[in-house]
Amino acid sequence: MNKKLIYSAILAVAMGGSLSSCSEEDLNSESIFDTTEEGLDPNSYTYDFDKWIIENYTDIYNVEFRYKMQHIGTDMDYNLVPARYDKAVDLALLTKFLWFDVYGDLVGPDFLKQYGPKIIHLIGSTAINPANGTEILGLAEGGLKVSLFKVNELDVTNPDLLNEHYFKTMHHEFAHILHQTKTYPKEFDLINANHYEPQNWQKRNGAIVNSLGFTTTYASSQAREDFAETCANYITRTDAQWDLCLWMADRGWFSTDGEEFSYCYYYYASEADREAGHKTYVGEFVAQEGNGGLFGVTNVMAKPTADGGYSRVSLGTATVYTNVADVEAFFARVIPQYGLIPVEDTDLMDGKATILQKVSIARNWFSDAWGLDIDALRAEVQHRQSNIDIDALRAQVYGERK
């Protein structure tokens with residue numbers, strides 16, 4: 001089963017206790033706790049990083065950044081491993097650069113002090129939901145804590161995976177935190193009310209849910225996830241990726257086997273086929289949300305058979321595309337001798353207009369409820385995403401560039 005992405009929000013309950021005892025023996029004058037400056041040990045190999053966290057997260061944003069996995073703060077139903085130290089350093093630097101400082105620059109650090117999460121918890125491995133095989137990349141717990149998984153697979157050279165595994169997750173979870181404080185307009189919930197699939201969203205075709213007006217398959221699970229996904233994808237996707245999402249949403253789709261195989265173009269392979277109405281379908285897309293791109297063209301065509309069915313014929317290896325121009329070039333290159341005809345859109349939903357309507361509602365909500373310009377937020381995120389100097393960021397912790 002292909003892994004899909006799932007984002008969950010759970011309410012965490014913290015319990016604490018204390019023990020006390022007394023003795024007639026003389027007490028040692030030395031504390032059993034670390035009394036070094038700020039509770040840090042200057043002799044520890046993590047001292048520079050720990051000091052940087054306090055200065056850049058705790059002091060500015062009132063956030064505790066936990067990079068040493070705490071078992072008491074994780075779900076014991078999952079087999080999890082801690083984050084590697086070097087990966088934790090990189091993610092802490094990038095999280096501040098691509099998330100916290102974006103809001104800090106636009107509306108000031110007090111905004112995140114008041115509304116942002118109080119704890120960021122890093123976990124090295126992924127978590128797989130045993131019920132449906134979906135992959136958990138992030139959890140927002142009661143608006144107080146955000147857990148980020150898969151840290152040990154962090155690749156600072158791959159911006160698409162950085163977004164898919166971490167930063168889209170962060171913006172998604174923060175959207176949940178914000179709408180739990182000030183709810184978004186309920187008209188949003190009505191736009192796709194008849195097309196949500198809470199139980200089997202992970203089995204849906206990513207291209208088809210675009211045509212229905214969803215940015216991702218997970219957005220099609222329920223309205224609150226749709227809202228968070230709409231916000232997160234609009235903010236983090238590049239112009240080319242966003243345009244491709246809208247291009248996919250503007251397509252009609254023909255399914256040869258339920259929603260398992262779906263195509264957006266057809267042609268007539270011969271005059272006899274044209275006269276008989278036998279269409280050869282091309283343009284099958286597979287969602288690549290977790291693999292660094294948006295969609296992959298499978299290079300498979302569906303040819304009509306004598307019994308009225310279709311046979312699938314491979315044209316080569318699937319390729320992932322992240323912009324419209326490359327997708328259109330694929331069609332021109334693979335079958336240039338045939339005139340392609342778009343499949344009629346029969347789902348009664350204008351997918352592109354629906355996605356843009358949802359963005360408009362989110363835009364107004366960000367402005368009216370929070371005094372935030374989502375377009376300015378997106379522009380700043382896009383600027384920072386395209387100007388990551390990981391060596392310069394690492395120098396904040398390591399001193400010299402590493």
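Strands β5 (residues 135–141) and β6 are joined by 4 bridges and run antiparallel. Strands and helices here are DSSP runs, at least two residues of E for a strand and at least four of H or I for a helix, numbered from the N terminus. Two strands count as paired if DSSP finds at least two bridges between them. This is a predicted model, where local features need pLDDT of at least 70 and side-chain atom pairs count only at pLDDT 80 or more, while totals for chains, interfaces and linings use all residues. Residues are numbered from 1 along each chain as its sequence is written, and side-chain values use heavy atoms, with hydrogens and water left out.

Back to the pair. In β6, Gly138 has Leu148 as its bridge partner, and Leu139 stands opposite Ser147. The hairpin of these two strands has 3 residues between them, and Gly142 takes a positive phi near 60° there.

Ile128 has Glu135 in β5 as its bridge partner. This hairpin has 6 residues between its strands, and Gly133 in the turn has a positive phi of about 75°.

On β6 there is also strand β3 (residues 119–122), which pairs with β6 in the parallel sense over 4 bridges. Ile120 stands opposite Val146 in β6.

Now, are these strands buried or exposed? Buried means under 20% relative accessible area, exposed over 50%, and partly exposed in between, with a 1.4 Å probe and protein chains only. In β5, 7 of its 7 residues are buried. Strand β6 (residues 145–148) is covered on both faces, with Lys145 and Ser147 buried on one side and Val146 and Leu148 buried on the other. In a regular strand, side chains alternate between the two faces of the sheet.

Next, the cores. A nonpolar core is a set of buried Ala, Val, Leu, Ile, Met, Phe, Trp, Tyr and Cys residues joined through side-chain atoms within 4.5 Å. The largest has 72 residues, and Leu91, Tyr103, Phe111, Ile120, Leu122 and Phe366 touch the most other members. Helix α2 (residues 85–107) gives the most to this core, with 12 residues. A second, separate core has 20 residues, including Tyr267, Phe295, Met301 and Tyr321.

Contact means heavy atoms within 4.5 Å. Apart from neighbours within four places in sequence, Leu91 is in contact with Leu122, Leu148, Val151, Leu154, Tyr166, Phe167 and Met170. Thr95 is found in helix α2, and counts as buried because its relative accessibility is 0%.

Last, a helix pair. Helix α8 (residues 239–249) and helix α10 (residues 324–334) pack at about 50°, with their axes 8 Å apart. That makes α8 oblique to α10. Axes are lines fitted to C-alpha atoms, for helices over the stretch in contact, and angles run from 0 to 180 degrees between N-to-C directions. Under 35 degrees is roughly parallel, over 145 roughly antiparallel, 65 to 115 roughly perpendicular, and the rest oblique. Asp243, Leu244 and Trp247 of α8 meet Val324, Val327, Glu328 and Phe331 of α10.
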